[in-house]
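Work through the exercises below with the model open. Try each task before you read its solution.

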Amino acid sequence: MGTKNLSSNQISSFLNSLSYWESINLRSTLLKAQIKGMSSEDAYEQATLDYEDPKNLEFDFERALKTGI
């Protein structure tokens, strides 16, 4: 399936299936890919702060799928 065919529902469903730690790790990885020089510790801290607002992860994940970051 191409990423152009992924619906927002499919992305939301996938992200909702992740455990807390999987969500944190994915968000940390996306942050480090987007922000050059961001340390793992800073990315982890930001990911834990962002956890309560899943829209950040959803937006960044969808952007990464569509653009490759």
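## Exercise 1: Aromatic rings

The structure holds three aromatic pairs. Rings of Phe, Tyr and Trp (its six-membered ring) pair if their centres lie within 6.5 Å; planes under 30 degrees apart count as stacked, over 60 as edge-to-face and the rest as tilted. This is a predicted model: local features need pLDDT of at least 70, side-chain atom pairs count only at pLDDT 80 or more, and totals for chains, interfaces and linings use all residues. Residues are numbered from 1 along each chain as its sequence is written, and side-chain values use heavy atoms, with hydrogens and water left out.

**Task.** Classify the ring pairs Y20 with W21 and Y20 with Y51.

**Solution.** 

Step 1. Recall what to read off. A pair of aromatic rings is described by the distance of the centres and the angle of the planes.

Step 2. Take Y20 and W21. Their ring centres are 4.8 Å apart and the planes meet at 80°, so this pair is edge-to-face.

Step 3. Take Y20 and Y51. Centre to centre they are 4.6 Å apart, with 70° between the planes; this pair is edge-to-face.

Step 4. Y20 lies in helix α2 and Y51 in the loop between α3 and α4, so the pair ties together parts that are 31 residues apart in sequence. Helices (H or I, at least four residues) are DSSP runs, numbered from the N terminus.

Step 5. Join the pairs. Y20, W21 and Y51 form a cluster through ring pairs.

## Exercise 2: The nonpolar patch

**Task.** Which residues make the nonpolar surface patch of about 420 Å²? Are they buried or exposed?

**Solution.** 

Step 1. Set the cut-offs. Buried means under 20% relative accessible area, exposed over 50%, partly exposed in between (1.4 Å probe, protein chains only). The areas come from the Shrake-Rupley method with a 1.4 Å probe; for residues, only the protein chains shown count as cover.

Step 2. Patch residues have over 30% relative accessible area and no salt bridge; like charges are joined within 9 Å, nonpolar side chains (Val, Leu, Ile, Met, Phe, Trp, Tyr) within 5 Å.

Step 3. Name the members. The patch is made by Y20, W21, Y44 and Y51.

Step 4. Check each one. W21 is exposed at 52%. Y20 is partly exposed at 32%. Y51 is partly exposed at 35%. Y44, in helix α3, is partly exposed at 37%.

## Exercise 3: Salt bridges

**Task.** How many salt bridges are there? Which residues are linked in a network?

**Solution.** 

Step 1. Apply the rule. A salt bridge is a side-chain nitrogen of Lys or Arg within 4 Å of a carboxyl oxygen of Asp or Glu. The count comes to four salt bridges.

Step 2. Start with R27 and D50. Their closest N and O atoms are 2.6 Å apart. R27 sits in helix α2 (residues 20-34) and D50 in helix α3 (residues 40-50), 23 residues apart. Both residues are buried.

Step 3. D60 lies in helix α4 (residues 54-67) and R27 in helix α2, so the pair ties together parts that are 33 residues apart in sequence. D60 is buried, as is R27.

Step 4. Link them. R27, D50 and D60 form a network of salt bridges.

Step 5. Contrast E58 and K55. Their closest N and O atoms are 3.7 Å apart. Both lie in helix α4, three residues apart, about one turn of the helix. E58 is buried at 15%, whereas K55 is exposed at 55%.

Step 6. Follow K55 across the fold. K55 and S12 are 43 residues apart in sequence and 9.4 Å apart in space, C-alpha to C-alpha.

## Exercise 4: Helix α2

**Task.** Check the span of α2. Then find what its buried residues pack against.

**Solution.** 

Step 1. Compute the span. The expected value is 1.5 Å times one less than the number of residues. The 15 residues of α2 should span 21 Å, and the end C-alpha atoms are 21 Å apart, which agrees.

Step 2. List the buried residues. In α2 these are S23, I24, L26, R27, S28, L30 and L31.

Step 3. Find their partners. The buried residues of α2 pack against α1 (8-17), α3 and α4.

Step 4. Zoom in on S23. S23 is buried at 7% relative accessible area. Leaving aside neighbours within four places in sequence, S23 is in contact (heavy atoms within 4.5 Å) with L15, L18, Y51 and L57.

Terms used
Helix = DSSP H or I, 4+ residues; strand = E, 2+ residues; numbered from the N terminus.
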